[in-house]
Amino acid sequence: MTEWMWCIWLAVFVIAIIVESLGPEVVSIWFAIGALVALIISFFSAWWVQLIVFSVISVVLIFALRPFIKKYINKNPLKSNVEEIILTKGVVTKKATSLEHGTCLINDVTWTIVPCDENDIEVGEIVEVVSISGNKLIVRSVSNIDKEKEKQK
């Protein structure tokens with residue numbers, strides 16, 4: 001059995017590399033490295049030593065390097081399609097007050113809106129999406145934004 005262990009470790013290495021290449025996450029590279037080290041020592045050690053070395057190297061690499069590498073791989077997560085709507089502008093189709101939700105048309109889609117401040121937003125006003133709360137857009141009137149800019153000057 002010991003004389004054929006190199007074939008088993010080679011198979012584990014190849015399978016781990018294939019699994020790693022199929023997905024976007026860092027999943028099985030740790031096992032591929034462990035299998036590679038076990039493959040190298042399979043030529044001069046017993047099978048149980050190879051198994052221990054494979055296990056220890058794989059576990060150590062998972063706990064030592066995975067958080068470090070994961071931080072750099074997921075540096076710029078993609079926004080969802082709903083998050084893309086933040087800072088876009090739309091036209092109010094139903095008046096929105098602090099007590100009653102209104103509606104707004106953005107990209108030919110009607111959204112429920114809530115004003116971000118105490119000011120009422122009238123039909124026909126242009127609003128900008130500030131944030132999202134559940135299925136409602138939190139908006140502010142563009143005219144209020146212009147007034148704030150004038151105050152800052």
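Trainee: What should I keep in mind about the model before we start?

Mentor: It is predicted, so local features need pLDDT of at least 70 and side-chain atom pairs count only at pLDDT 80 or more, while totals for chains, interfaces and linings use all residues. Residues are numbered from 1 along each chain as its sequence is written, and side-chain values use heavy atoms, with hydrogens and water left out.

Trainee: Which elements does the protein have, and in what order?

Mentor: There are four helices and five strands. Starting at the N terminus, the order is α-α-α-β-β-β-β-β-α. Helices (H or I, at least four residues) and strands (E, at least two) are DSSP runs, numbered from the N terminus.

Trainee: What makes α2 and α3 roughly antiparallel?

Mentor: The axes of α2 (residues 29-41) and α3 (residues 47-73) cross at roughly 150 degrees and come within 8 Å. Those axes are lines fitted to C-alpha atoms, for helices over the stretch in contact, and angles run from 0 to 180 degrees between N-to-C directions. Under 35 degrees counts as roughly parallel, over 145 as roughly antiparallel, 65 to 115 as roughly perpendicular, and the rest as oblique. The α2 and α3 pair is therefore roughly antiparallel. Their crossing is right-handed; that label applies if the near helix is turned clockwise from the far one by less than a right angle, and left-handed if anticlockwise.

Trainee: And why are α1 and α3 called roughly parallel?

Mentor: Their packing angle is about 20 degrees, with the axes 11 Å apart. That makes α1 and α3 roughly parallel, and this crossing is right-handed too. On the α1 side Met-5, Trp-9 and Val-12 meet Trp-47, Gln-50, Leu-51 and Phe-54 of α3. Contact here means heavy atoms within 4.5 Å.

Trainee: How do you know that Glu-128 is buried, while Arg-140 is partly exposed?

Mentor: Buried means under 20% relative accessible area, exposed over 50%, and partly exposed in between (1.4 Å probe, protein chains only). Glu-128 has 10% relative accessibility, so it counts as buried. Arg-140 has 26%, so the label is partly exposed. Across the protein, buried residues make up 27% of the 153 residues.

Trainee: What makes Arg-140 and Glu-128 a salt bridge?

Mentor: A salt bridge is a side-chain nitrogen of Lys or Arg within 4 Å of a carboxyl oxygen of Asp or Glu. For Arg-140 and Glu-128 the closest N and O atoms are 3.7 Å apart, and the pair qualifies. Arg-140 lies in strand β5 (residues 136-141) and Glu-128 in strand β4, so the pair ties together parts that are twelve residues apart in sequence. Lys-89 joins these two in a network of salt bridges.

Trainee: How many salt bridges does the rule give, and where are some others?

Mentor: The count comes to five. One of them links Glu-122 and Lys-95, whose closest N and O atoms are 3.4 Å apart. Glu-122 lies in the loop between β3 (109-115) and β4 (126-133), and Lys-95 in the loop between β1 (89-94) and β2 (102-106), so they tie together parts that are 27 residues apart in sequence. Another pairs Lys-94 with Glu-100 at 3.6 Å. Lys-94, at 38% relative accessibility, is partly exposed, and so is Glu-100 at 43%.

Trainee: Why does Glu-20 get no salt bridge?

Mentor: Lys and Arg count as positive and Asp and Glu as negative, while His and the chain ends are not counted. The nearest side chain of opposite charge to Glu-20 is Arg-66, 8.2 Å away, and Glu-20 is buried without a salt bridge. Glu-20 is found in helix α1 (residues 5-22). Leaving aside neighbours within four places in sequence, its contacts are Glu-25, Val-26, Val-27, Ser-28 and Ile-29.
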